[in-house]
Amino acid sequence: MAGNTIDKGKKIYGYGQPMTALHLITKGRVKVEYPGGSYLLNKGDVMGVCEICSEIHLLNYTALEEVSILAYPLSNMEAMEELLQSHTDVARIFILSMLRQFNALMTQNSVSETKCAGLYQSLTADMEKYGTLCSRYRIQPRTLDGVDQVSAFLGEESADNWLQTYYLALQHIYAGEAAKTMTLEPGLSLGMLRKGSLDFRKNYTVLEEQYHYQTQIIKLYFNESGNDLFEYFTSLYYRLGQSCENADEIYGVINRMITQFQNDPSLNREQVTSRIQSFQKNMESLSSPNKGNVTDDTRTTLILSELSGSLSTILDFSGLDQEKAASFRQNIGVYRTMPDRSAMDDESCRLRRKLTEEFYTLYAAVFKNAVNSPSLPTPVKMFLYFGYVDEELAGNASCITLYTLAAGMEDYSEFGVYPFYNWLLAIYRGDKIPSRNEFDEDFTDHISKEKARGNITAAQAMALEKDPMERVNFELENLFPQTNKITYGRVTSFCPVFTADDVLKDLNSSYVNITKVSKALEMIKSIDYSAYYRESLDYDNMEVMGKEPIHVEQTPDIILMPNVGIRGVMWQEIEGKKRNSPSRMIFSIFHMEDINTSLVRLTGEFRWELCKRVQGARWNDVSERSLTSEYFDYIQFYRKNHELTNEAKEKIKTSLQRAKNSFKEMFVRDYIIWVLFEGTGSPRLNKVARRILFAYCPFSASMNNMLEQNPLYSELLSRQKVLNGQRVHHLDMLIQKMRNSNIQVPATLEAERKFTVGKVD
């Protein structure tokens, strides 16, 4: 073990160098760089501990100041085990450093994934805007090289999100007294380090893939050839001039590009700076300076003045007792002053847990008073809709946006889109029933079981069933805490209080509204037209229809949690016990990923879960044909399937490993490919998976017409035409029979005929 001193700014070692030793930092700080990000190592951390299973270094290490290190040679694992056996204190230092570094890398995973989705969304919007503007002013649009090769980021690899919770728990254990006993076992210590190193490398690979995807998109905005979006929009701006009615809009896009990409490490800094400076000089030389980005200082001042003291306004409105209000106020004060609100040390975690518990108590109190209040103070509305609590935590820019959105908030319940506050109001009014709890009990079941256990009397049970606030409380206790945390995405650093730190992209562009949801649903239904249909009976026309099955569409209820998040949740496939009822899908009200891709994923989950519920215990019995049984049989016996090539079987094996052997996850991934790629004429699935999805998630009639000339679909289309023809013939005979008997044909029967051939309205 030898000591050494390294000067400030010196690169200690970098990617590709041989991995020969571990280095314990005894003084100073070291910057560790990986694709797309970096983290810091301090005194007591170990360089290279996360790379012990690699022959080379994956990371770049640079001294931020004068650094002193101790070297531990790493010749082989046997020598490492001897070191850990003879120096248990060293084992603890190594493991704790590995855990801290792993958690730092995992935290970046969700941020990087969100950035991928945000970049793709921005690129799509900017390309659409450019095309629209060119069309409006009759300008021939230019072709952007490489844009047709970019699709929504799916990722060949995906991070195991549960690992962060696992390693965080281990970090707490090894930071405590239990570590003294655990480090007495050198085999356990070595196993911990090796397992951590392997998991670290996997997550490094995920980040590397995400970084390459981000670089691919960023270079469509700025590249060395100059044939990029920055050039397209600046040329358009110069050509149309500042008097054009869309000049401010174009200038805003250009400014956003400059702000977003001018310091991006994947670009040639000098070249980008030169181009930006050239544009800015051209702007200065124009006789009429652009006024589009001038801030309305008066309006901003008035809004911030109204939001001053928001925490007091919210607490006063809630009517919480003084002790609870004082505790929440004190904890918010501490949270406000934290330099890193996502820190993983014990004290920070305890504070977030306490704030989370108090936040939900406050939310229930505020809602109870809100339903009886004729008008709500704006900070209270912002709290109910967005989780806003404090103007300093939110930051001025977010305050202005939240204030504007809250002021224009409308009730879209009739369209099935519910901000969480509106969802609770629907439950309070009796328009919706509470969601099932973790034991799959609905509100009525829960009360019945409480009565059966003797916890409440029959009279109390009857009173509870009629109490609208009890229904709301059931939802607040069972749905809110779980889905708010899941949709947020970064579960280890979760806190429901809105902060500027959570805003990873523009709030307006990530805000989920009725327009975005409608477009996403229409996109899915244009390809998988039967996605939200259920088989049912026409109970209103039973006398003439009998038990003739029909299909009824039930589009999902979209519930929006008051947070900024990156995940969607398929919460319930039906409402209560009614099969012919809407499913419940949950997003953050500020969804940082692409809403289309997220909703496609949840629709795949919905199809799987609904089929399981309809089929019951025989959901995987292939003798009773269904989506789940056929797909289950396909995955379970793919090795023996002679229709699959060896290459296809190897792909299934790899995909199954990535899906953690979950047949449902396998199906969801295939469904995403089905909608996003096969549904646009780009075959990606093997013939067996394609046959199953074609049978149970059929394309619309218009889509089938486009695919008629494709030999991959010809056999499937022929079979479908035969089956549809038989069903249409049966329905035509039934309709003719009614007409011959002078019976008015029910509209549902005509609709069923259209559904059969894929021509639904």
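Mentor: A term to begin with: a crossing is left-handed if the near helix is turned anticlockwise from the far one by less than a right angle, and right-handed if clockwise. Helices (H or I, at least four residues) and strands (E, at least two) are DSSP runs, numbered from the N terminus. This is a predicted model: local features need pLDDT of at least 70, side-chain atom pairs count only at pLDDT 80 or more, and totals for chains, interfaces and linings use all residues. Residues are numbered from 1 along each chain as its sequence is written, and side-chain values use heavy atoms, with hydrogens and water left out.

Trainee: Is the crossing of H6 and H7 left-handed or right-handed?

Mentor: H6 and H7 cross in the left-handed sense. Contact (heavy atoms within 4.5 Å) involves residues including Phe230, Phe233 and Tyr237 of H6 and Ile250, Ile254 and Met257 of H7.

Trainee: Switching topic, what span does H2 reach?

Mentor: Helix H2, residues 88–136, reaches 72 Å from its first C-alpha to its last, close to the 72 Å expected for its 49 residues. The expected span is 1.5 Å times one less than the number of residues. Arg138 follows H2 and has a positive phi, near 55°.

Trainee: And the sheet, what order are its strands in?

Mentor: The order is S9-S12-S14-S13, an open sheet of 4 strands with mixed pairing. Two strands pair if DSSP finds at least two bridges between them. The edge strands are S9 (417–419) and S13 (569–572).

Trainee: How many bridges join S13 and S14?

Mentor: S13 pairs with S14 (residues 584–591) over 3 bridges, in the antiparallel sense. Met570 stands opposite Met585 in S14.
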